[in-house]
Amino acid sequence: MKTVKLGLIGAGGIAQAHMRAMSEVSGVEIAAASDLIESNVKRTAERWGIPKTFTDYNEMLKMDELDGVIVCTPTAVHAPPTIAALKAGKHVLCEKPMEASLDAATEMVATAHKTGKILMIALKLRYTPQVIKAKKIINEGTLGDIYYAETVADRRRGNPGGSFIRKATAGFGAAADIGVYALDTALYLMGHPKPVAVMGMTSNYLSLHNTWNPALKETEVEDFATGWILFENGARLVFKTCWCMNMDSLGGTIFLGTKAGLRIGVSEVRGPQEGVTLYRDEFGDPFDIKIPTGDGVDVFKAEDAAFVDAVREGKPSPIDPDGMLLTNVIIQGVIDSQEKGGREVEVKVPTF
Ligand SMILES: NC(=O)c1ccc[n+]([C@@H]2O[C@H](COP(=O)([O-])OP(=O)(O)OC[C@H]3O[C@@H](n4cnc5c(N)ncnc54)[C@H](O)[C@@H]3O)[C@@H](O)[C@H]2O)c1
């Protein structure tokens, strides 16, 4: 089995989860790491036995032996290293969300198309047994046509602070942090319908009533976001996310189909019930069917292994960046709608 050699860009918090996961995937060598802050990269290299370190990722990208890189920089700094790496002939696994800016995200996808290299966005929920089972159920046509869905990622008191609350590093707040999981899960399960219009709202009333970061004094980004999304095929999606609220739950993630309905509750995309439940008629009466999904999996290891396998075997990106771009289109639509006093805005999906 060919050893896949990878480099790390951004040696902060989430990089440690990928280094741990990659250390458990066979046939992988983390050959180099880079970070603007030398102490971060040195500490990470020492912890995971990485032989070469850089403070400029462009220098690291000159290493011919690197097959790919893992981009773990803050969200608003995803595009520059990703685009540089793709242009240097490297495959890229980039942390979620794709980017803070829709234009930058579009350029990332365009560059992946142009270079023919893999661009995978790390959406760990795709590897949960719940999402995998729900996708299988939907792909088999069990729900019929999905005409309406609601998707939720909520926390009652959970502003993460740090780089997540700065416009310059995160771009957006809850919508881009946990909301992206809700949006991606819904879009993936609905088969990536094309959004055409969004009506949205964002607010920031409760960030400082926050048990995660009691010392927090201010937040530059939204702590609540919601959107009503219209798709080209006529389906509608309600999207709700927040870091802080005066409520126990914003509801749950549900899909209404012409033949059956489905409810899913999984880590960030929570609902009143965990797991996957199918709602349909059996023998002429309504039944709730709790679907067994099995035990939890190591989602970081599963997504990292999928990236390595795609690189080694020359497969397409396990998490298609064109589909992922729709989350940026919708989040930007929510922000634009808020700026227009909550009026509906048309959104356009970039074509390549
Ligand atoms: N998948 C998950 O569960 C998960 C969890 C947390 C964060 N994330 C995502 O991971 C990304 C990083 O988050 P984090 O919590 O690790 O942030 P962090 O601030 O802990 O780490 C970011 C690192 O990137 C470095 N950096 C910044 N600009 C750079 C540049 N131009 N070149 C090289 N290095 C640079 C910083 O010095 C820092 O060490 C974010 O996009 C976030 O949304 C994902």
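This note goes through the domains, sheets and core of a predicted model.

1. Basis. The model is predicted: local features need pLDDT of at least 70, side-chain atom pairs count only at pLDDT 80 or more, and totals for chains, interfaces and linings use all residues. Residue numbers start from 1 along each chain as its sequence is written.

2. Domains. The chain is divided into domain 1 (4–122 + 299–319) and domain 2 (126–296), with bounds that come from an automatic or database domain assignment. Their C-alpha centres lie 27 Å apart. Across the boundary, 11 residues of domain 1 are in contact with 11 residues of domain 2; two residues are in contact if their C-beta atoms, placed from the backbone, lie within 7 Å.

3. Helices (H or I, at least four residues) and strands (E, at least two) are DSSP runs, numbered from the N terminus. An open sheet of 6 strands has the order 3-2-1-4-5-6, with parallel pairing; two strands pair if DSSP finds at least two bridges between them. Strand 3 (52–54) and strand 6 are at the edges with a single partner strand each, so one side of each is left without a neighbour in the sheet. From one strand to the next the twist averages 25°. Axes are lines fitted to C-alpha atoms, for helices over the stretch in contact, and angles run from 0 to 180 degrees between N-to-C directions.

4. Pairs within that sheet. Strand 1 and strand 2 (residues 28–34) are joined by 6 bridges, and Leu6 stands opposite Ile30 in strand 2. Strand 5 and strand 6 run parallel and share 4 bridges, with Leu93 opposite Met120 in strand 6. Strand 5, helix 5 and strand 6 form a right-handed β-α-β unit; right-handed means that, with the strands pointing away from the viewer, the path from the first strand over the helix to the second runs clockwise.

5. Strand 6. In a regular strand the side chains alternate between the two faces of the sheet. Leu119 and Ile121 point one way from strand 6, Met120 and Ala122 point the other way, and all are buried. A residue is buried if 20 or more other C-beta atoms lie within 10 Å of its own, exposed if 12 or fewer, and partly exposed in between, with C-beta atoms placed from the backbone.

6. Core. The largest nonpolar core has 113 residues, and Leu8, Val92 and Leu119 have the most contacts inside it. Such a core is a set of buried Ala, Val, Leu, Ile, Met, Phe, Trp, Tyr and Cys residues joined through C-beta atoms within 7 Å. Apart from neighbours within four places in sequence, the contacts of Val92 include Gly68, Thr82, Leu86 and Leu119.

7. Helix 4. Ala79, Pro81, Thr82, Ala85 and Leu86 are the buried residues of helix 4 (residues 79–87). Among the elements they pack against are strand 1 (4–9), strand 4 (68–71), strand 5 (91–95) and helix 5 (102–115). Gly89, with a positive phi near 85°, follows the helix.

8. An open sheet of 9 strands has the order 14-13-12-11-7-10-9-8-15 and mixed pairing. Strand 14 (285–291) and strand 15 (345–346) are its edge strands, each pairing on one side only. Helix 11 (residues 321–339) lies across strand 8 (195–203), strand 9 (224–231) and strand 15, at about 55° to strand 8.
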